[in-house]
Amino acid sequence: MTAATAGVAPRRATPVRRSPLWIVTDSLTIAWRWMLAVVRNPQLLVVDTITPIMFVLLFAVVFGGAIQTPGIDYVTFLMPGIFVQTVVFGGTGTAVGLAEDLQKGIIDRFRSLPMAPSAVLIGKTTADLLRNAYTVLVMTLVGFLIGFRFTGTVPEFVLALVLITFFGYSISWLSANIGLRAKSAQAAQGAIFIPVFPLTFLSSAFVPVATMPEWLQPIAEANPVTVVVNAARGLIVGLPQTDTILLAFAWIAGLVAVFAPLAIWSYRRKG
Amino acid sequence: MPELAISAEGLRKSYGDVHALRGIDLAVPPGTILGLLGPNGAGKTTAVRILVTLLRPDGGRATVAGHDVLHEPDAVRAAIGLTGQYAAVDENLTGRENLEMVGRLLHMGRPAARARAVGLLATFDLTEAGGRPARTYSGGMRRRLDLAASLVGHPEVLFLDEPTTGLDPASRLGLWDVIEGLVADGTTILLTTQYLEEADRLANRIAVIDDGLVIAEGTASQLKDRLGEDVVDVRIADPSRTSEALELLRPLAATEPRADLADGRISLPVHHGAGTLAEVVRAVDGAGLEVAELSLHRPSLDDVFLSLTGRRAEAEPAARAEDAGSAPGTRRRFGRPGRRNAA
């Protein structure tokens, strides 16, 4: 192990010019790293596959008979709700992964490299977006098997799935902020569910808002999860409501516009 | 070369009312190793984090490889390597992929990053393990991979923050060889350690840091001249006669001996350990003093600290907790509340 023979000798560094292209290449490198983690852990892939299947089956079969949904059968009503809930939960992975990296000193290494600072976060959220896209695909297939059908056009259905997946992406950015402030991965896991639970359950994801106590209804209606679920439902049954769809995309854009710069700012300022 | 590889003037950093650094000066010429020696919480890690651009100082200025850490962070980052206290490797990636990732983030281009990874794996005896995920590595292998990762960019200046803490003796020796090889090749190294032996073996100069200040600086032999080569520890069976024994032994000591009057313990820094040991025995025996314990050892960080500050180096167990300020009455302070302490 003599370093002298192996060309580890220092070299005068060439002057550094930060290239705008680094954001893209560095983000891809980081995303590649996280995708490899999924490939290297077959267990993770199994969990990613089984969890959505479990959710679909449990909700559809267990609650299927109990919840009345006027004018629409419960499986069709439920599927967009479960999709959204699952991608939101998937978005919490961003917090846990970043908190782990911080704990292990990996973020320190990245921050001491002359790379694009935003790439660590863009790469991680991109990897989580792809993971969520996979989950949505699995859920769709399982949904089809238990009788879920879309009655709109194929492009409408695809737009619904895209909307849902990108909502998960916006939650990833919220999640990144929590991950960067958490003292440990466990703390991050706990903290991210504080906003995520009310967000998913105080919504139209599982029950019609009209069945909630009257004082709660305005809150549930304003919830972005309700907006996204309603937009997706409209697209799936072939009755797209343009207003709701636009509002849903506005929520996604708004969440990213607020939480992405905030996360990048705290990453750069990290001590 | 007149230009310093690392220079720091008056670096200060506080966390609330915890003063992690209270004005640190460092000057490291190119191609040398500076050992930053100090106990947990002395401010070593805080100093390193400022120099590698991870942390902004509250005051003072610093340059690394000729670049200002505050105003040219990217230029500093291109010139340095960092190995922290924990092996910062991605457990899911193989050894080779870990190194390739760093190469790509240094914008070396994929073929160059791969070639560099293969070369470093060979240097660090990891060629065989290079295709396995890092989670299958032993502690020593992870540390070697981590060190290799910090060398991908051919750094001019390398920062090693307690690189051997938690390693078994064999791995520690292996790492020391690597570090010596790097310096022979012209790399400048700043090494933090809690082990006097490590600083002694590796460093050209040693800066002893305590409570956010450099309290002694010099070559290992200069420090030893102040401390003696060895330490003889004697415990007198009858503690009430400790002062009497101290007077007897003082002429044999290289520097002022220390005594604990309550339990009869005397620590005697000496220059020629084995020879002095016999004289110690004769002296106490001649006075009719019974010796309960007698030992000879190399000066530890504790001895350095006792000698320089009159206090023990180790923090009280309660004060080792990460949360600064939660252990009132302890003497050691902690620089970084939260994730890591400022060792």
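Helix axes are lines fitted to C-alpha atoms over the stretch in contact, and angles run from 0 to 180 degrees between N-to-C directions. Helices (H or I, at least four residues) and strands (E, at least two) are DSSP runs, numbered from the N terminus. The model is predicted: local features need pLDDT of at least 70, side-chain atom pairs count only at pLDDT 80 or more, and totals for chains, interfaces and linings use all residues. Residues are numbered from 1 along each chain as its sequence is written, with chains lettered from A and ligands numbered from 1 in the order in which they are written.

In chain A, helix α3 (residues 74-104) and helix α9 (residues 224-236) have axes that come within 9 Å and cross at roughly 135°. The two helices, α3(A) and α9(A), are therefore oblique to each other (angles under 35 degrees count as roughly parallel, over 145 as roughly antiparallel, 65 to 115 as roughly perpendicular and the rest as oblique). Residues in contact (C-beta atoms, placed from the backbone, within 7 Å) include A:Phe83 and A:Val84 of α3(A) and A:Val228 and A:Ala232 of α9(A).

Turning to chain B, an open sheet of 6 strands runs in the order β6-β7-β8-β3-β9-β10, with mixed pairing (strands pair if DSSP finds at least two bridges between them). At its edges lie β6 (80-83) and β10 (213-218) of chain B, each pairing on one side only. Neighbouring strands of this sheet are turned by 15° against each other on average, direction ignored. Strand β6(B) runs parallel to β7 (residues 157-161) of chain B, joined by 4 bridges, and B:Gly81 stands opposite B:Leu158 in β7(B).

Conventions
Two residues are in contact if their C-beta atoms, placed from the backbone, lie within 7 Å.
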